[in-house]
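Please open the model in your viewer and keep the selection panel at hand. The tour below moves from one selection to the next.

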Amino acid sequence: MAEDCAIKSADIVGGSSSEIVIMSTLTINLHLMMASFYKPTEKRHKVILEWKPFPSDHYAIESQVVWHGLDPEKSMIKIRPDDDFIITTELILRTIDEHAEDTALILLPGIQYYSGQLFDIPRITAYAQARGILVGWDLAHAAGNVELKLHDWNVDFACWCTYKYINAGPGSIAGAFVHERHGQVEFKNDSGKPSYRPRLMGWYGGDKRVRFNMDNTFIPTAGAGGYQVSNPSAIDLASLSGALSVFNKTSMRDLRSKALVLTAYAEHLMDQMLAESSDETPLFRVITPRDPAQRGTQLSVLLREGLLENVSQALEENGVICDKRKPDVIRVAPVPLYTRFEDVWKFMEVLRGALGP
Ligand SMILES: Cc1ncc(COP(=O)(O)O)c(C=O)c1O
């Protein structure tokens with residue numbers, strides 16, 4: 001069932017099914033990946049991240065650094081935006097240059113959960129790798145949202161959850177991508193012992209052909225499947241398989257093309273609302289980049305300070321379950337799989353009312 005879900009996820013992340021593994025949950029997978037890909041040395045010990053990742057990512061990185069006996073103050077390099085909430089690619093590349101000699105890993109979100117900014121994954125990946133840095137991506141807000149080509153972009157590893165754009169329900173089983181070059185299992189000599197990238201091991205990462213030999217010789221499954229630790233829950237996989245089967249009726253290419261227009265329409269209606277307002281200080285502003293190439297479906301609406309609770313309550317009273325992120329953001333994401341243009345229009349009417357006098 002996990003393999004079936006991996007096959008069904010191939011178009012979503014742009015990897016072959018053997019580079020995808022469906023297992024555990026997102027933060028656990030980040031830890032598993034870092035156990036294998038974050039190997040600090042005296043010279044290269046830093047992790048580059050952004051200033052305000054989703055807290056779980058921050059904790060995961062921080063605890064990995066501490067686990068290796070290092071000081072987070074010295075080994076975590078946090079990129080602060082140079083312009084409002086947006087972190088430009090140039091700033092990221094500059095930071096990479098600045099710390100190129102002593103950085104082991106860069107771990108960034110594909111789409112930043114608060115601002116909705118989509119990072120230039122291929123450019124940043126290639127730039128960091130050319131300087132000897134391994135590159136991982138947290139795609140919680142990007143998988144099922146924008147087109148991804150993880151294999152072609154040569155990404156080392158990526159992790160995502162399935163309970164946002166992939167609709168499998170909160171806490172549902174997550175996915176990870178490991179580039180094929182890191183999943184190789186080679187038998188170089190006659191000892192029978194394979195060589196492979198070191199990882200945290202468990203029986204379920206073991207090759208099916210010998211998994212039940214019970215001789216304590218770990219031979220990993222080739223590919224991302226070899227990074228599994230435990231037996232995944234069949235009920236979770238069934239739920240995800242249902243969600244993915246809907247994606248398989250279309251393609252990320254088609255979904256993205258509808259999303260671009262739906263999001264532009266939402267943006268247009270919000271621009272109109274602001275233009276019509278007589279308030280001197282606008283009630284809100286959209287902090288997500290205006291350039292469609294730098295965002296997914298999400299528009300992050302930064303409300304005037306103090307409005308969040310009242311606005312979200314008014315939205316809920318009008319049948320809109322509100323996705324709020326403290327201190328002041330609501331995230332409006334006209335997801336193309338099930339949102340019509342009319343729904344966007346209706347939502348904006350409700351928002352207008354919620355912001356009203
Ligand atoms: C960017 C990001 N990282 C980590 C998590 C945590 O996911 P999990 O509870 O599956 O570890 C989330 C969940 O919303 C997230 O959005």
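Is S24 buried, partly exposed or exposed? Select S24, which is partly exposed because its relative accessible area is 33%, where buried means under 20% relative accessible area, exposed over 50%, and partly exposed in between, with a 1.4 Å probe and protein chains only. S24 sits in the loop between β1 (20–23) and α2, and S24 has a positive phi of about 45 degrees although it is not a glycine.

Before going further, note that this is a predicted model, in which local features need pLDDT of at least 70 and side-chain atom pairs count only at pLDDT 80 or more, while totals for chains, interfaces and linings use all residues. Residues are numbered from 1 along each chain as its sequence is written, and side-chain values use heavy atoms, with hydrogens and water left out.

Next, zoom out to the whole protein, which has 10 helices and 11 strands; these are DSSP runs numbered from the N terminus, with helices being H or I of at least four residues and strands E of at least two. The radius of gyration is 22 Å, close to the 21 Å that the globule rule gives for 357 residues, so the protein is as compact as a globular protein of that length; the radius is taken over C-alpha atoms, and the rule is 2.2 Å times the number of residues to the power 0.38. Along its principal axes, the C-alpha trace spans about 80 × 45 × 30 Å. Of the 357 residues in the protein, 52% are buried.

Now select the ligand and the residues around it, namely T25, L26, T27, F54, S56, D57, D138, A140, H141, Y163 and K164, a shell for which a residue counts if one of its heavy atoms lies within 4 Å of the molecule. By class, the shell has four nonpolar, four polar and three charged residues; here Ala, Val, Leu, Ile, Met, Phe, Trp, Tyr, Cys and Pro count as nonpolar, Asp, Glu, Lys and Arg as charged, and the others, Gly among them, as polar.

Draw the distances from oxygen atoms of the ligand: a polar side-chain atom of K164 lies 2.6 Å from one oxygen atom of the ligand, a polar side-chain atom of H141 lies 2.8 Å from an oxygen atom of the ligand, and a polar backbone atom of L26 is 3.1 Å from an oxygen atom of the ligand. The protein buries 82% of the 400 Å² that the ligand exposes when taken alone, areas that come from the Shrake-Rupley method with a 1.4 Å probe. Colouring by element, look for α2 (26–37) and α3 (55–67), the elements that give two or more residues to this shell.

Move on to T162, in the loop between β6 (157–160) and β7 (174–178), which counts as buried because its relative accessibility is 1%. The side chains of T162 and S172 are joined by a polar contact of 2.7 Å, that is, a pair of N or O atoms within 3.5 Å, where within protein one must be able to donate a hydrogen and the other to accept it, and residues adjacent in sequence count only if both atoms are side-chain atoms. The T162 side chain also reaches the backbone oxygen of I173 at 2.6 Å.

Finally, select K326 and P327, which are joined by a cis peptide bond with an omega of about 10 degrees; P327 lies in the loop between β10 (324–325) and β11 (329–332).
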